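This report covers selected side-chain interactions in one protein model. The sequence and structure come first, and the notes follow.

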Amino acid sequence: LATNSNNTIINSNNITTRGTALSNFGITLTSTVVANNVTNNIINTSGTATNYGINLDTSVNSSLILNNTVRSGGSTNTNVGLRATTRSFFNNFTHNRAFGTGTGDNYGVQLTTNADISVIEYNNLTTNGTTTNAGIVQTTSTGNNITNNVIFTNGSSSNEGIRLATNSNNTIINSNNITTTGTAGSNFGIT
């Protein structure tokens with residue numbers, strides 16, 4: 001969905017995107033869309049790298065992302081189940097199951113570049129790869145509520161339940177169940 005595609009319901013679809021190169025997306029909302037519901041979908045994305053299950057990109061506001069099952073896998077890095085980026089506000093990610101697998105940078109939920117004032121709650125997030133696996137990663141985003149999620153990350157090293165990176169202010173992290181495991185070091189619950 002692109003510019004001015006508002007108040008749309010995307011419900012109960014079975015979506016598979018497979019590529020031999022990068023940038024394979026299940027559902028993408030982009031460029032100033034408001035009040036869309038993405039619910040009860042089953043999404044599988046795979047390719048070499050940059051595989052996103054549900055992607056909210058650039059001024060995607062007031063979306064409900066509810067009860068989706070998302071698997072994002074790649075032969076290399078950057079496999080993300082649920083993503084919001086670039087001035088996307090007031091979004092709600094609730095009761096989703098997200099799986100990210102690949103060599104590195106595998107995330108259940110990624111909030112980046114002013115993905116602000118959103119709710120991430122009651123999600124089940126699993127990431128598994130060689131290195132840099134995180135349940136939730138927030139970078140340069142503020143005012144988010146991360147509550148009651150179940151997070152499991154596994155890999156050789158750099159496994160993080162919740163990572164708050166640069167300029168992550170006024171964030172609530174409450175009542176999450178986090179397990180991080182790895183065969184090497186650098187495993188963190190919240191960092």
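## Side-chain interactions

Across the whole structure, a search finds 2 aromatic pairs. The model is a predicted one. The two pairs are set out below.

| Aromatic pair | Geometry | Centre to centre | Angle between planes |
|---|---|---|---|
| Phenylalanine 25 and tyrosine 52 | stacked | 5.0 Å | 15° |
| Phenylalanine 89 and phenylalanine 90 | edge-to-face | 6.3 Å | 75° |

Phenylalanine 25 is partly exposed, at a relative accessible area of 30%, whereas tyrosine 52 is buried, at 7%.

The search for salt bridges over the whole structure gives 1. This salt bridge joins the side chains of glutamate 160 and arginine 163, with an N to O distance of 2.7 Å. Both glutamate 160 and arginine 163 are buried.

Another arginine, arginine 97, is located in strand β13 (residues 97-112). Arginine 97 counts as partly exposed because its relative accessibility is 32%, between the 20% and 50% limits. Beyond its neighbours within four places in sequence, arginine 97 is in contact with Asn67, Asn68, Thr69, Val70 and Asn124. With threonine 69 there is a side-chain to side-chain polar contact of 2.9 Å from arginine 97. Valine 150 lies 53 residues from arginine 97 in sequence, and their C-alpha atoms are 9.6 Å apart in space.

Terms used: Residues are numbered from 1 along each chain as its sequence is written. This is a predicted model: local features need pLDDT of at least 70, side-chain atom pairs count only at pLDDT 80 or more; totals for chains, interfaces and linings use all residues. Side-chain values use heavy atoms; hydrogens and water are left out. A salt bridge is a side-chain nitrogen of Lys or Arg within 4 Å of a carboxyl oxygen of Asp or Glu. Buried means under 20% relative accessible area, exposed over 50%, partly exposed in between (1.4 Å probe, protein chains only). Helices (H or I, at least four residues) and strands (E, at least two) are DSSP runs, numbered from the N terminus. Contact means heavy atoms within 4.5 Å. A polar contact is a pair of N or O atoms within 3.5 Å; within protein, one must be able to donate a hydrogen and the other to accept it, and residues adjacent in sequence count only if both atoms are side-chain atoms. Rings of Phe, Tyr and Trp (its six-membered ring) pair if their centres lie within 6.5 Å; planes under 30 degrees apart count as stacked, over 60 as edge-to-face and the rest as tilted.
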